[in-house]
Amino acid sequence: MTRRATRWLAPAAVGAGVLLSWQGLVTAFDVPFYLVPAPSLVAKTLVQDAPLLFSALLVTLQITALALLLSVVFGVAVALVFVQSRVIEMSLFPYAVLLQVTPIVAIAPLIIIWVKNPLAALVVCATIVAIFPIISNTTLGLRSVDPGLADLFRLYGAGRWQTLLRLRIPSALPYFFAGLRVSGGLALIGAVVAEFVAGTGGTSSGLAYQILQAGLQLNIPRLFAALLLITLTGVAIFALVSIAAHLVLRRWHESELAPEP
Amino acid sequence: MTRELSYRLSQSGRCVVEMRGASKTYPNGVRALDPISLQVREGDFATLLGPSGCGKSTLLRMTGGLTSPTAGSVALWPESNASEQPAQRSDVTRAARGDGHSPGLAFVFQHPTLMPWASVERNVRLPLDVSGDEHGVAAKLDAALNLVALHDFARVYPRELSGGMQMRVSIARALVTEPRLLLMDEPFGALDEITRNRLDREISELWAKRALTVMFVTHSIYEAVFLSTRVLVMSARPGRIAAELEIAEPHPRTDAFRTSERFARLCQRLSAMLVEASEDSVDARVRSR
């Protein structure tokens with residue numbers, strides 16, 4: 001068996017094993033479905049409630065995607081401002097940290113009150129959760145320039161812009177993608193948490209709201225189905241970001257080189 | 001101990017580099033270089049030879065404008081360029097702004113220092129791209145790649161090349177602007193001896209063919225003898241030029257020269273000068289060899 005096949009088959013086998021024993025145990029011990037639904041029931045619910053769940057998924061996806069986009073745009077912009085001067089970075093970095101360490105659950109109600117449009121409020125919350133890794137990693141990357149190459153650019157009289165475009169930004173790419181990988185997951189977490197907070201107020205209809213409702217109604221199979229969709233979304237975001245990183249870095253960066261056979 | 005030595009051996013060509021009492025003291029108080037006065041003339045292959053930490057790299061970086069002298073002055077082409085007066089060149093703020101840039105100058109570093117995200121071709125043409133000089137880029141690029149026999153590797157990425165080939169790319173990048181002064185900081189120090197000898201031979205040929213002026217840093221006596229027209233022997237802590245040896249052997253030099261008796265004699269003389277220089281210096285640890 002090749003290494004490549006093992007890489008896919010091994011985790012797939014573990015997954016299948018877990019699902020089969022889950023199904024077997026639930027059936028054998030006759031566990032009521034409102035406590036632990038069998039995987040088959042979860043699948044059936046997913047199909048049955050598809051219209052409801054997938055329109056909810058779309059809402060959550062929208063919030064996540066917008067939050068990730070804003071995180072990238074503003075995160076990179078902030079990083080570019082930070083590297084212009086140490087004074088700017090020293091003055092503003094503590095506030096970026098402040099944003100990072102404040103639990104979103106604590107400030108979400110405030111944001112939901114302040115921002116009229118419910119969707120926009122959720123996007124703001126998710127962005128606050130997701131933006132920090134982009135800021136800190138991109139700043140680190142923009143600073144992590146090979147000193148030899150920096151000398152070379154200086155020697156040839158390269159200006160600020162040229163150095164930024166030809167040297168700093170390419171040097172920062174691996175760091176940026178490492179940040180993006182974390183931020184992708186955080187954007188989803190931020191969206192879900194914000195929906196929970198907003199959901200208790202009765203607005204919005206994303207996946208987290210469905211989980212909340214299903215929990216209140218003891219509709220555990222639907223809760224599981226919604227949970228499954230959120231998990232799959234997280235995996236999909238991670239995979240997309242990884243593919244993007246691979247496409248950009250594969251020819252030159254160590255992190256994307258094929259392992260030696 | 002401040003001693004100033006002045007060297008004017010090859011009086012023939014125009015002056016390319018002129019240092020007058022240039023010294024370097026780091027902010028932490030470490031004295032890297034005692035005041036140094038020297039001239040490098042057009043067509044010189046001047047090698048700075050000395051033990052690690054003797055400040056030879058610092059001296060070269062000062063010449064290239066990558067670091068500024070604490071006192072004294074460094075000037076390139078002092079006779080032809082009135083605007084580059086010594087006093088201005090040593091101005092600390094100018095150097096800090098990175099304005100030390102001089103068009104006829106190229107630098108080859110200790111490591112290949114290539115952009116890993118760019119192909120060989122894009123690495124080599126970087127100096128042209130940065131200067132915005134679009135005139136005849138393709139021809140210059142071709143010429144530079146041909147000089148180092150890398151034409152077939154134009155689209156390859158640096159990590160796909162061996163250390164010796166990466167160094168060749170670095171040399172092509174230095175030559176692409178057709179510089180008049182080439183500064184090389186132990187360029188082949190990290191390579192195996194066979195590759196190093198071959199690249200030394202190639203550099204020697206290039207120097208003869210292109211009428212270059214070269215300042216070369218090394219700690220290898222053999223390399224110094226093989227390449228140079230003049231060897232400046234340095235001693236350590238603080239760095240200073242202790243002696244000078246002229247190598248009046250014909251160019252281009254071949255592997256036959258490397259095995260000749262004259263070569264061995266020159267190496268012995270240089271070795272003795274190095275030992276004497278370090279015995280002379282405050283730090284005499286080299287003597288225990």
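A: The contact draws 15 residues from chain A and 16 residues from chain B; residues are in contact if their C-beta atoms, placed from the backbone, lie within 7 Å. On the chain A side, α7 (147-155) and α8 (160-200) each supply at least two of the residues that touch chain B. Helices here are DSSP runs of H or I with at least four residues, strands are runs of E with at least two, and numbering starts at the N terminus. α7(A) gives the largest share of the chain A side, seven residues. By type, the chain A side that touches chain B has eight nonpolar, three polar and four charged residues. Nonpolar covers Ala, Val, Leu, Ile, Met, Phe, Trp, Tyr, Cys and Pro; charged covers Asp, Glu, Lys and Arg; the others, Gly among them, are polar.

This is a predicted model: local features need pLDDT of at least 70, side-chain atom pairs count only at pLDDT 80 or more, and totals for chains, interfaces and linings use all residues. Residues are numbered from 1 along each chain as its sequence is written, while chains are lettered from A and ligands numbered from 1 in the order in which they are written.

Now step back to chain A as a whole. Chain A has ten helices and zero strands. Its C-alpha atoms fill a box of roughly 75 × 60 × 25 Å along the principal axes. Take the contacts in chain A with a separation of 6 or more: 76% of them join residues 24 or more positions apart.

A:L207 counts as buried because it has 27 C-beta neighbours inside 10 Å. Beyond its neighbours within four places in sequence, A:L207 is in contact with A:A56, A:L57, A:T60, A:A226, A:L229 and A:I230. Helix α9(A) spans residues 207-216, and its buried residues are A:L207, A:A208, A:Y209, A:Q210, A:I211 and A:A214. After α9(A) comes A:L218, with a positive phi near 55°.

Next, the cores. A nonpolar core is a set of buried Ala, Val, Leu, Ile, Met, Phe, Trp, Tyr and Cys residues joined through C-beta atoms within 7 Å. The largest one has 81 residues, and B:L49, B:A172, B:L182 and B:L232 touch the most other members. Helix α7 (residues 163-175) of chain B gives this core its largest share, six residues. Leaving aside neighbours within four places in sequence, B:A172 is in contact with residues including B:V124, B:A144 and B:L150. A second, separate core holds 56 residues, among them A:L53, A:I134, A:L207 and A:A226.

Five of the five residues of β6(B) are buried, so the strand is largely enclosed by the rest of the structure. B:L181, B:L183 and B:D185 are buried on one side of β6(B), and B:L182 and B:M184 on the other. Strand β5 (residues 105-108) of chain B and β6(B) pair in parallel over four bridges; strands pair if DSSP finds at least two bridges between them. Within β6(B), B:L182 is the bridge partner of B:A106. β6(B) also pairs in parallel with strand β7 (residues 213-218) of chain B, over five bridges. There B:L182 stands opposite B:V214. β6(B), helix α8 (residues 193-210) of chain B and β7(B) form a right-handed β-α-β unit: with the strands pointing away from the viewer, the path over the helix runs clockwise from the first strand to the second.

β7(B) points on to β3(B). β3(B) and β7(B) are parallel, paired over five bridges. B:V217 in β7(B) is the bridge partner of B:L48. Strand β3 (residues 45-49) of chain B is mostly covered, with five of its five residues buried. B:F45, B:T47 and B:L49 point one way from β3(B), and B:A46 and B:L48 the other way. Four bridges join β3(B) to strand β8 (residues 230-235) of chain B, again in parallel. In β8(B), B:L48 has B:L232 as its bridge partner.

Note on methods
A residue is buried if 20 or more other C-beta atoms lie within 10 Å of its own, exposed if 12 or fewer, and partly exposed in between; C-beta atoms are placed from the backbone. Two residues are in contact if their C-beta atoms, placed from the backbone, lie within 7 Å.
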